[in-house]
Amino acid sequence: MTLAACQALDQNDPLCVLRKLFELAPGLIYLDGNSLGALPRATAQRIEETIRLHWGRDLIKSWNSAGWFELPRRVGDKIAGLIGAEPGEVLAVDSTSINLYKALWAALQISTEGAPEKKVMLSERSNFPTDLYIAQSLCAERGLVLRLVESDELDHALDDQVAVLMLTHVNYRTGSMHDMAQWTARAHAQGALCVWDLAHSAGAVPVDLHEADADFAVGCGYKYLNGGPGAPAFVWVHPRHTDRCWQPLSGWWGHEAPFRFTPDYRPAPGIGRYQCGTQPILSLVALDAGLDTFLAAMPLGGMSALRSKSLSLTDLFMQLIHERLQGHGFEVLTPVESSRRGSQVSLSTSEGAYAIVQALIDRGVIGDFRAGDGQAYPDILRFGFCPLYLSHEDVWHAVDRLHAVVASGVWREARYARQHAVT
Ligand SMILES: *Cc1c(COP(=O)(O)O)cnc(C)c1O
């Protein structure tokens, strides 16, 4: 593979016009859009308008006149189109962790009703920690057992004691992707409900919640949806479940008529009840701008064009790692099979994963490091490939600079070993 061949791939890329919709410094190769998406050019103006006109001039009238009150639903509708949900089924609200708490609680409530023998929540030990921590506290609160297994043990561990199967669709460490329809069907066959975390899926891979017959889903606004740091997350509940129970954080925004100010709680019908309290409007506006930017890809082939490009970028990255970094101790942890991976590639290395990432960042290639557990999971170098703003040429230069960092040994300099609070 040559630089010229990479440039030729870019010549045939219908999505290459989208990069100019983002604020990205020339020469910077940003391979961390799976952790914090890049800033869309439209965002600053939208926020400024919200601050100056809606907050500054119109003040509290803006809850109606600027549609602030409806924003969690309106933004949710835009997300719905990306994950195979219908309008009116998704809310952009709270954080992923909080939404997960609400969804798991409701799933447990529904699935254990009349089935006291169901005492287990099942997930993967390699799941993202916040998912496991939320599940831990919930299981403790409800006297359930949290059963954590490795991915290849899931099938065996999914028995009729399981009330809820909690899976993250695309694993944050390895980038490997589950078959959503298959696992949902297996859970249903055991009388369990399935809660999906789409943090690394929404905007990264095609998702069809209805086709998979999923029960609950949550996901993240600041990763592939480019909503900005701490952007609101989202929650989806299958309509067959929404009205079956309250969610546990039954705040006034989830009330059927919040502005009646009645002392008793009556949940709104449908997904509206999954709101809790007043939402961060500036952050919702930023997420809305991120989604509008994302939706600019729709006339250019939409999610399937984004997926093809993402696979092309990750294929190229893996090929170049293979060709250029042989003998340097790297191993690709991400499945090669395209149906089994998301939009990232993770590498392990024999030594210096953290320092290599720091040295790369110093050379304008931003990826990240995820610590291993010293046992089953190695330290990893993680690279996300957002097809909205990356080119094949970027991938070439990223691997070229990785090669330079490793071949020169420059990563061994003491300054690259200094640990920051956020890796
Ligand atoms: C990023 C991510 C989260 C983030 O949760 P927050 O509440 O936004 O901090 C949760 N789960 C998974 C799987 C993630 O990848």
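Author: Domain bounds here come from an automatic or database domain assignment. In this predicted model, that assignment divides the chain into domain 1 (3-30 + 302-417) and domain 2 (46-295). The C-alpha centres of domain 1 and domain 2 lie 29 Å apart.

Reader: What makes the two domains count as being in contact, and how many residues does each give?

Author: Contact requires heavy atoms within 4.5 Å. By that criterion, 26 residues from domain 1 and 20 residues from domain 2 take part.

Reader: How much area do domain 1 and domain 2 bury between them, and which residues of domain 1 lose the most?

Author: About 1900 Å² is buried between domain 1 and domain 2, with 59% of it on carbon and sulfur atoms. On the side of domain 1, the greatest losses to domain 2 fall on Met303, Gln344 and Tyr377, which together account for 31% of what that side buries.

Reader: Which elements give two or more residues to the side of domain 1 that touches domain 2?

Author: They are helix 11 (302-324), strand 12 (344-349) and strand 15 (380-384). Helix 11 provides the largest share, four residues. By residue class, this side of domain 1 divides into 13 nonpolar, eight polar and five charged residues.

How values were computed: Residues numbered from 1 in each chain as written. Predicted model: local features only at pLDDT ≥ 70, side-chain atom pairs only at ≥ 80, totals over all residues. Heavy atoms only, no water. Buried area = accessible area lost by both parts, 1.4 Å probe. Nonpolar A, V, L, I, M, F, W, Y, C, P; charged D, E, K, R; others polar.
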